[in-house]
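Please keep the sequence and the structure open while reading.

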Amino acid sequence: MYIHMLGLLRKKNLLPVIIFTFSKRKCEDFADALVNVDLTSGGAEKSEIHVFIERSLARLKGTDRELPQVLRMRELLSRGIAVHHGGLLPIIKEMVEILFTRGLVKVLFATETFAMGVNAPARCVVFSMIRKHDGRSFRELLPGEYTQMSGRAGRRGLDDTGVVIVACNDDIPDQPTLNKMLLGVPTKLESQFRLTYTMILNLLRVEALKVEEMIKRSFSENLSQKALPEHQQKFAESSKVLQAMEKLDCSICGLDIHQYYDVSARIVMLNHELRERIVRSPVGSKALSQGRIVVINSSFYRNAIAVILRSGGNSSQSLVSARSTTAAITKREGEERMYTVLILTEKRPVGAAINVRDLAPLPVDHVSVPSPDKVTQEVTVVPYTDIAVITRMQLKMDADAILDQRDESETSKIGQQLLRVAEEMHEGGKIPENDWSKIRELDFQERLRDKEALMAQLGSFQCVRCPDLDDHYGLVHSERILQQQVADLAHTISDQNLELLPDYHQRIEVLKRLQFIDEMGTVQIKGRVACEAKIRRQINTADELVLTELILENVLADYEPAEIVALLSCFVFQEKSQSEPVLTPKLEKGVQRIKDIALRVAEVQYECGLDVRKDDALAGLKFGLVEVVYEWARGLPFKHITDLTDVLEGSIVRCIVRLDETCREVRGAARLIGDANLYRKMEEASESIKRDIVFAASLYF
């Protein structure tokens, strides 16, 4: 495909072109497919490319110039073709970048990293696909990713416009997918600030800066810190209102109304939880059928007795249910269960309703009996959340006559029956609730017994004898609401509201358990060693703790420098490898010791509340380059060590370069604890890996 596409682009004068491919292997395969294509424009360009390559490779010694990747890239570059990805040797990658910016590379197959840090625009950009693997699954390109890569099309001062082509092959993306990729909302900027053990230990050693202050200055807390003055003002205002609030002064209620309020609130909460289970159970569905007498409690109907006419409601009836503020608050689209009911109520002015904010959470222990001169019936639709009690009583009726035929006589008859039932309940002082013994869930029955026990306690409170109980109860309710508001605001403006604070306390506990710090938070010798032996890898790992344990348990003392640096490679190598390294018995023993320590540290983290599994701890340690690093440290040429693994050359170099930094850090830890033997070994290990192509000088300097 690309042979014909490049012919077209060359004809239309759209070279140089960057072809973005989301796979290192595919970059190589696409370049290999252009075996007979030469895009250079003459001998002068070929000569310039050749001279540049020779000067660049002069920095390499011996067999390094004969590496397969070097030979292959030399041949591709001579024809104006190149690839660019993380698996290339650093010097090869720099050669490609410099030649591309000079206009000598006409087609470049690159991964998306080329669009991030290199200022190398082209006349045209081609996407080999618009789906990529993000480490978990395949997905379409995000708008920001597309913009970043397509922005390479068009050279400042040379091109009026840039051309972007999506190579569809046989998989043509649909219009919504393209619209989202081209015009979608950019990815929200999220803070990646995370606490590490090294950061915590270093901050504990510095008294001038607390960890809480560091968290506050992070981008993750930016919005909450900006809103802090507003929250502080609200806290002050709410505190003043709470202090000025009218205090309850009643000789009857003053003794136990607050305890009565707590019991009542608990009953209301239990009733809500039980109702959710009932409505979703077959027993509850059967109970909530035509003729069942229920008690409705909402912002419009207070303890009103009603009878179910039909499950569900039509659009015209739904207009009535809009009066229910409770329904508006709790309704979830597609999940709300509605019931058409006939409610016994009193005539009231149109639009009159109870303010739901002032509706105190009183348990429903009685029904409202309308005055005979004001009694009326209403047919309306209510959500299941408005049904406070499902009684065991049922009425026989002709629901179709009431709903479809608008039979006033049938409506009046049912209304009279409901009135008699309400009067009987009022005189008896109890609402006969339905029998829920057929719901055999243990948790449900326990909650039901708790509710019944609490309901039985209500009559024992002295405050129920107060004639103004409703008003006094409402006063307590308002006070509790305001107290909760003040408490929430106090938490919001305190350090306890910091998002990362729980993680910080958990990590502090880990450090105490492993004796990196004492109970007072003072950094011990293990903590100081961990500060020296920091590992710059994944931010959520505990590698510095594992490495510190390795050092202080004197595990590394039994190994030679080449073996030590090989074992340390597991802390810096991050890529996947399908090839299994062939290790000596001594190295295998060292690998097992590292795994044992990692499992021990992971277990402590899990016990302290961190979401760390043993499998995750082992998966983070990758031993795929142990053999490669071991042989490199022993002096094997780079050309030969590439045959020991399927890891690309650039990844090997990157690992070894970072290992040199790790060697320096372990050397610093050895100096801190006075281990001269380990210090000497780490010096030798560092010297053994610092040679040849791995540490070749950069072309940019």
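Gly-635, which comes just after helix 27, takes a positive phi of about 105 degrees; helices here are DSSP runs of H or I with at least four residues, strands are runs of E with at least two, and both are numbered from the N terminus. The model is a predicted one, in which local features need pLDDT of at least 70 and side-chain atom pairs count only at pLDDT 80 or more, while totals for chains, interfaces and linings use all residues. Residues are numbered from 1 along each chain as its sequence is written, and side-chain values use heavy atoms, with hydrogens and water left out.

How many of the eight residues of helix 27 (residues 626–633) are buried? Eight of the eight are, so this helix is largely enclosed by the rest of the structure, where buried means under 20% relative accessible area, exposed means over 50%, and partly exposed lies in between (1.4 Å probe, protein chains only). The buried residues are Val-626, Glu-627, Val-628, Val-629, Tyr-630, Glu-631, Trp-632 and Ala-633. Their cover includes helix 24 (561–568), helix 25 (585–607), helix 28 (638–641), helix 29 and helix 30 (676–689), with contact taken as heavy atoms within 4.5 Å.

## Helix 29 and two partners

Helix 29 (residues 649–673) also meets helix 22 (residues 525–532), and the axes of these two helices come within 8 Å and cross at roughly 155 degrees. Axes are lines fitted to C-alpha atoms, for helices over the stretch in contact, and the angles run from 0 to 180 degrees between N-to-C directions. Helix 22 and helix 29 are therefore roughly antiparallel to each other, given that angles under 35 degrees count as roughly parallel, over 145 as roughly antiparallel, 65 to 115 as roughly perpendicular and the rest as oblique. The contact involves Ile-525, Arg-528, Val-529 and Glu-532 on helix 22, together with Glu-665, Gly-668, Ala-669, Leu-672 and Ile-673 on helix 29. By class, this contact has five nonpolar, one polar and three charged residues, where Ala, Val, Leu, Ile, Met, Phe, Trp, Tyr, Cys and Pro count as nonpolar, Asp, Glu, Lys and Arg as charged, and the others, Gly among them, as polar.

Helix 23 (residues 543–552) packs with helix 29 at an angle of about 50 degrees, the axes being 11 Å apart, and the two are therefore oblique to each other. Here Leu-547, Ile-551 and Leu-552 of helix 23 meet Val-666, Ala-669 and Ile-673 of helix 29, a set that divides into six nonpolar, no polar and no charged residues.

Leaving aside residues up to four places away in sequence, Gln-515 touches Gln-524 and Lys-526. The C-alpha atoms of Gln-515 and Gly-527, twelve residues apart along the chain, are separated by 8.0 Å.

## Helix 1 and its two sides

Within helix 1 (residues 2–11), Tyr-2, Met-5, Leu-6 and Leu-9 are buried. Seen down the helix axis, these buried residues fall within an arc of 95 degrees, so they line one face of the helix, the arc being that of the directions from the helix axis to the C-beta atoms. They pack against strand 1 (17–20), helix 2 (24–32), strand 3 (107–110), strand 4 (124–127) and strand 7 (163–166), whereas His-4 and Lys-11, on the other side of helix 1, are exposed. Asn-13, which follows helix 1, has a positive phi near 60 degrees.

## Helix 4 with helix 5

Helix 4 (residues 68–77) and helix 5 (residues 90–101) pack at an angle of about 10 degrees with their axes 11 Å apart, which makes helix 4 roughly parallel to helix 5. The contact is formed by Gln-69, Val-70, Met-73 and Leu-77 of helix 4 and by Ile-92, Met-95, Val-96 and Leu-99 of helix 5; these residues comprise seven nonpolar, one polar and no charged.
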